[in-house]
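Dear colleague,

I am handing over the structure we spoke of, and my notes on it follow directly below. Please read them with the coordinates open beside you.

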Amino acid sequence: MADHSNQKITWRCPSNIAIVKYWGKTGNQIPCNPSVSMTLSEACTEVELELMEKKSEGIELEYFFEGEKNEAFQNRVIKYLETNSAHFPLLEKHSFRINSHNTFPHSTGIASSASAFGAIALSLLDAENKIDRIHDKETFYTKASELARLGSGSACRSMFGGFASWGQHPAIDHSSDLYATPVKGVHENFQQMMDAILIVDNQPKKVSSSLGHSLMNDHPYAQNRFEQAKENTAGIIKTLYNGDYEEFIQIAESEALALHAMMMTSKNYYLLMKPGTIHAIEKITNFRTSTNIPVCFTLDAGPNVHILYPQKYKEEVSDFLKNELKTDLSGIIFDKIGQGPEKQN
Ligand code: DP6
């Protein structure tokens, strides 16, 4: 076998915003319900993976984030590689160094494990592919999606541009709990969507998503929630095909509130919304009612508000944001629907 030591591979992977939320998991990163997301364009992680000759037993990995050693994330990635070593034959002969950075500002509190694990999975699979097997493009991204999922569930949806779904669903062909699939043939109404992320609070998450997911294990409303997400997945896919903004908005906003309702009603309840979150939600819904512009909000597992709207209403929404939410637009990250990951070298 050729010596591939000291080879460097760089991938850039975007984050994604879920419209139907993944919340609750079982086994090795199997979702309790299907989800649908929109891949972003600007909020990305870039990972440079360097392969070196292995010197000792065990997994040898050094992880640098924005030039500094990041022990916490390094340990998470080592655990990921240990748990899933059967997927990574590379581990037998190589040690690794990862240099990563995000393309969005530090101080926004929107750090994303989806873009990070997406880029890590792509780099590892690419390295593997060079040495051993050749995957065709579709198989490559499907396999990368599976590997990314094992690191962070939502990461599996970032492998595809536009919209992607993840989780077995009778109404979605080729759907799987193991990897995401792209939603093809999306109506033109949804092809140029924007996402303005209103930074209500820039502190890192107080409750990790992993802990949040685990609270669904004995949640009194879990089964109903999983059913609701299943229905909403079918509903959102339908709107993506037929271009129905009204139905899309109803499902997207209801999903955002359902996610936070689950946090607030779990046994160890917690609340991530801030007064600024509620304020923004009220302003957005009032703006929609008074203008009929199809703009809506969604939320991640945090207080920041994602404002979704078609690009053709960019000027109107920007004026609204200036007049009603942030006069100088600071604290708003303007993102939009993206094309998916890109190899950098
Ligand atoms: C609220 O993918 O971060 O963003 O699998 O434990 O890494 P892990 O969880 P993660 O959970 C994302 C939850 C969410 C909804 C979503 O993206 O679907």
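How many aromatic pairs does the structure hold? It holds 11, where rings of Phe, Tyr and Trp (its six-membered ring) count as a pair if their centres lie within 6.5 Å, with planes under 30 degrees apart called stacked, over 60 edge-to-face and the rest tilted.

Before the details, please note that this is a predicted model, in which local features need pLDDT of at least 70 and side-chain atom pairs count only at pLDDT 80 or more, while totals for chains, interfaces and linings use all residues. Residues are numbered from 1 along each chain as its sequence is written, and side-chain values use heavy atoms, with hydrogens and water left out.

Aromatic pairs

Because Trp-11 belongs to strand β1 (residues 7-20) and Tyr-141 to helix α3 (residues 137-151), the pair ties together parts that are 130 residues apart in sequence; helices (H or I, at least four residues) and strands (E, at least two) are DSSP runs, numbered from the N terminus. Both partners are buried, Trp-11 with a relative accessible area of 4% and Tyr-141 with 16%, where buried means under 20% relative accessible area, exposed over 50% and partly exposed in between (1.4 Å probe, protein chains only).

The rings of Tyr-22 and Trp-166 have centres 4.6 Å apart and planes at 70°, so this pair is edge-to-face as well. It links distant parts of the chain, since Tyr-22 sits in the loop between β1 and β2 (25-26) and Trp-166 in strand β8 (residues 163-166), 144 residues apart. Tyr-22 and Trp-166 are both buried. Elsewhere, ring pairs join Tyr-63, Phe-73, Tyr-80, Phe-88 and Phe-117 into a cluster.

Strand pairing

Strand β7 (residues 94-102) runs antiparallel to strand β4 (residues 35-53), to which it is joined by nine bridges, and parallel to strand β5 (residues 61-65), with five bridges; two strands pair if DSSP finds at least two bridges between them. Asn-99 in β7 has Glu-48 opposite it, and Phe-64 also stands opposite Asn-99.

Cysteines

A search of the whole structure finds zero disulfides, a disulfide being a pair of cysteine sulfur atoms within 2.5 Å. For Cys-44, the nearest cysteine sulfur is that of Cys-13, 7.4 Å away. The sulfur of Cys-156 has its closest cysteine sulfur in Cys-13 too, at 11 Å, which is too far for a bond. Cys-44 is buried, with a relative accessible area of 4%, and Cys-156 is buried, with 0%.

Backbone and a helix residue

Most residues other than glycine have a negative phi, and two places deserve a look on that account. Gln-29, in the loop between β2 and β3 (30-31), has a positive phi near 65° and is buried, with a relative accessible area of 9%. Glu-66, in the loop between β5 and β6 (68-69), has a positive phi near 50°, but is partly exposed, with a relative accessible area of 29%.

Finally, Lys-322 is found in helix α8 (residues 314-325) and is partly exposed, with a relative accessible area of 34%. Leaving aside neighbours within four places in sequence, Lys-322 is in contact (heavy atoms within 4.5 Å) with Thr-327 and Leu-329.

With kind regards
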